[in-house]
Amino acid sequence: MSRFAFFIITLLYFYVLVFWGKIAFFSLLAVGIGLYIYYIYYKKTGRWPWSPASVAVGGSNSPGISESKPKITFADVAGIDEAKEELLETVDFLKNKERYLAVGARLPRGVLMAGPAGVGKTLSAKAIAGEAGVPMIEMAGSSFVDKYVGVGASNIRALFQRAKATAPCIIFIDEFDSLGKRGSEETSAGHEYDQTINQLLVEMDGFSSNEGVVVLAATNRMDKIDEALLRPGRFDVKIYFNRPDVNGRESILKIHTKGKKLSEDVNLKDIAKLTPGLTGADLADIMNKAAIMVGKVGGTEIDQNDILAAKERFVWGKEKRSLIIDQEEKKVIAVHEAGHALLAVLLDHCDPPYKVSIIPRDGSLGITALSPGKERYNVSKEFLCDQMTMLFGGRAAEKVACNTETAGAKDDIERATNMAMAMVCEYGMSEELGPIAVNSGKGGAWDGNVVFQANAQSEVVKLVKGSYDRAQDILTKNIGTLRAIADLLLDRE
């Protein structure tokens, strides 16, 4: 409040006191104090107290906007080497803007980072800010959308207003698919999405790339993003984050073992080989679980078995040793797991098992863990057929050795069926239909063709049943070995 305004209000109060009396004076004083409190509330929250709780007025202090100056650098990020190279270009733009402007280049307005959850998109955004030494203004995509039409657009304006005042800086929008999704329904929510996206387009077109503001966005679903946001001039750079390979996982494990005391038998390369498909966030959780398990029993060092136990707990759940299982039921479980393990050894295109157990866990009554011999990025038909046969090893073993069928094969059957559907409908691996993509339910060329869909379903059934029959045939020929493995499991669990 300015001094002049304060002087005028003071004169007004004295005027009321002299001519209207003390009651009017103190009443007016109370109203003035109340309005001042409301004004302070507005400055802190960006909305008036009588506004709906979720409706911000679009000030630079709108709820959901946070500003920080991260200390994280790319030394704290591993497993994304190719993505890191592209991101370092953005860092160089921010640190040496004048060098690029001198040759007529312009800063990228937006960088869209896409990939599965946990691969390091948010961590990379913080690393860019940390490397460049600039603030990061952050807001989740879901915070822009509200049931009140116009709120999202107001928050967009507030975000860019704050960024321009803070430049050079980075705007980071997480969960970007919540904000920039394609299309909308003719509802109030649909209109809200349209207004919010349109406002984002206006703001990205309206600020100069030379201002030193770069918009970073992260999404798990690139296919959901509106095409208008993806054209050059808006999100100029698109970077896809893949799950780390074995070398990337080893580098990530090295980062997450800093500050932890490891025993001499720990081999991070071996751990990396046994964790295909896991992300950086997954590996961080495994190492934290291992440390907690050691601390719980009063240990001082984390050894290889502790990390493997933490990995198994992460993937399959906690062991339930107190669960009492009938001996006959336990025998069937042992036969089931023995069937998986034996086929994994006998089939040419299967990875060998490194652990078989009939100790119950959160999601299963037993496990057969396979040790991948190599990283696979493009699988063959032979590999997929052997995988389906191995998956049916449990059900086939129950039938061959115990002449029964249990519900324990539910997950195996579901995975094998999905694999067969992919082979027929997506990979074109059906001998009857040939290399044709069915694209059922996706608007493909054959979508809605009842006869063709029926033929595709028939081919899926043929693949599934063929794999099951093959599993039964192999286990019948090796029934002695199957029973021996089951007896060993019953003896040692």
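**Exercise 1. Which helix holds Lys330, is its side buried or exposed, and which residues does Lys330 contact beyond its sequence neighbours?**

Solution. Begin with the position: Lys330 lies in helix α14, where helices (H or I, at least four residues) and strands (E, at least two) are DSSP runs that are numbered from the N terminus. Before going further, note that this is a predicted model, in which local features need pLDDT of at least 70 and side-chain atom pairs count only at pLDDT 80 or more, while totals for chains, interfaces and linings use all residues. Residues are numbered from 1 along each chain as its sequence is written, and side-chain values use heavy atoms, with hydrogens and water left out.

Next, consider accessibility: Lys330 has a relative accessible area of 18%, so it is buried, given that buried means under 20% relative accessible area, exposed over 50%, and partly exposed in between (1.4 Å probe, protein chains only). Then list the partners: when neighbours within four places in sequence are left aside, Lys330 is in contact with Ile325, Ile358, Leu490 and Glu493, contact meaning heavy atoms within 4.5 Å. Finally, Glu493 stands 163 residues from Lys330 along the chain, and their C-alpha atoms are separated by 9.7 Å.

**Exercise 2. Describe how helix α14 is placed against α16 and α15.**

Solution. Take α16 (residues 393-402) to begin with: its axis and that of α14 (residues 327-346) come within 7 Å and cross at roughly 120°, where axes are lines fitted to C-alpha atoms, for helices over the stretch in contact, and angles run from 0 to 180 degrees between N-to-C directions. That angle makes α14 oblique to α16, because angles under 35 degrees count as roughly parallel, over 145 as roughly antiparallel, 65 to 115 as roughly perpendicular, and the rest as oblique.

To see which residues take part, note that Val332, Val335, His336, Gly339, His340 and Leu343 in α14 meet Gly393, Gly394, Arg395, Ala397, Glu398, Ala401 and Cys402 in α16. Sorted by class, this contact of α14 with α16 has six nonpolar, five polar and two charged residues, where Ala, Val, Leu, Ile, Met, Phe, Trp, Tyr, Cys and Pro count as nonpolar, Asp, Glu, Lys and Arg as charged, and the others, Gly among them, as polar.

Turn now to α15 (residues 381-391), whose axis comes within 8 Å of that of α14, with a crossing at roughly 155°. That makes α14 roughly antiparallel to α15. Here His340, Leu343 and Ala344 in α14 meet Thr389, Met390 and Leu391 in α15, and by class this contact has four nonpolar, two polar and no charged residues.

**Exercise 3. Why can α16 be called largely enclosed, and what follows just after the helix?**

Solution. Start by counting: seven of the ten residues of α16 are buried, so the helix is largely enclosed by the rest of the structure. The buried residues are Gly393, Gly394, Arg395, Ala396, Ala397, Glu398 and Ala401. Cys402, with 24% relative accessibility, counts as partly exposed.

Then step past the end of the helix to Asn403, which lies in the loop between α16 and α17 (410-425). Asn403 has a positive phi of about 50° although it is not a glycine, and with 62% relative accessibility Asn403 counts as exposed.

At 36% relative accessibility, Glu175 counts as partly exposed.

**Exercise 4. How many disulfides does a search of the whole structure find?**

Solution. Recall that a disulfide is a covalent bond between the sulfur atoms of two cysteines. The test applied here is a pair of cysteine sulfur atoms within 2.5 Å, and the search finds zero disulfides. As for one of the cysteines, Cys350 has 9% relative accessibility and so counts as buried.

**Exercise 5. Summarise the protein chain by its secondary structure, its buried share and its contacts.**

Solution. The secondary structure of the chain comes to 19 helices and eight strands. Buried residues make up 43% of its 493 residues. Lastly, among contacts between residues at least 6 apart in sequence, 73% join residues at least 24 apart.
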